[in-house]
Amino acid sequence: CTDGESFSNLRERTINGLKSLTVNHDGERIIIATHAGATKAMLCSIMNLSAEECAKFDWVSNASITTVIFNEGKFSLKQFSFDAYLSSLKTTLPNNI
């Protein structure tokens, strides 16, 4: 898709959305359902990874659970791409990518 959103734009959009949710739901538990690309974009922003580091980031399994904590104005990664409960339904990237 040549006219699609760039990863940089996705990264900015997702972290801004996440920040907005934390302001509007301070102290609440928030669940976000999204695709692997958006999860990866948010995590790269949270972890302050460069574009090069982000490109090396592990695959986020479809239907996996990633847990991020927001405390005292900062995000931290608690759990990444937990998918053990998916058993044989777990997704992986093909070897030829």
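Modeller: Serine 81 lies in strand β2, which covers residues 74-82. Keep in mind that this is a predicted model.

Biologist: Is serine 81 buried or exposed?

Modeller: Serine 81 has a relative accessible area of 10%. The cut-off for buried is under 20%, so serine 81 counts as buried.

Biologist: What is serine 81 in contact with, leaving aside neighbours within four places in sequence?

Modeller: Trp59, Val60, Ser61, Ser64, Ile65 and Thr66. With serine 61, the backbone nitrogen lies 2.9 Å from a polar atom of the serine 81 side chain.

Biologist: Switching to the helices. At what angle do α1 and α2 pack?

Modeller: About 75°, and the axes are 8 Å apart. Helix α1 is residues 7-24 and helix α2 is residues 36-46. Angles of 65 to 115 degrees count as roughly perpendicular, and α1 and α2 are therefore roughly perpendicular to each other.

Biologist: Which residues make that contact?

Modeller: From α1, Phe7, Leu10, Arg11, Thr14, Ile15 and Leu18. The α2 side gives Gly37, Ala38, Lys40, Ala41, Met42, Cys44, Ser45 and Ile46.

Biologist: How many of those are nonpolar, polar or charged?

Modeller: Nine are nonpolar, three polar and two charged.

Biologist: And how many residues of α2 are buried?

Modeller: Nine of the 11, so α2 is mostly covered. Among the buried ones are Thr39, Leu43 and Cys44.

Biologist: What covers them?

Modeller: The cover includes α1, α3 (51-55), β1 (65-71) and β2.

Biologist: What phi does asparagine 48 take?

Modeller: A positive one, about 55°, just after α2.

How values were computed: Residues numbered from 1 in each chain as written. Predicted model: local features only at pLDDT ≥ 70, side-chain atom pairs only at ≥ 80, totals over all residues. Heavy atoms only, no water. Helix = DSSP H or I, 4+ residues; strand = E, 2+ residues; numbered from the N terminus. Buried < 20%, exposed > 50% of the residue type's maximum accessible area, 1.4 Å probe, protein only. Polar contact = N/O pair within 3.5 Å; in protein donor to acceptor, adjacent residues only side chain to side chain. Contact = heavy atoms within 4.5 Å. Axes fitted to C-alpha atoms, helices over the stretch in contact; angles between N-to-C directions. Parallel < 35°, antiparallel > 145°, perpendicular 65-115°, else oblique. Nonpolar A, V, L, I, M, F, W, Y, C, P; charged D, E, K, R; others polar.
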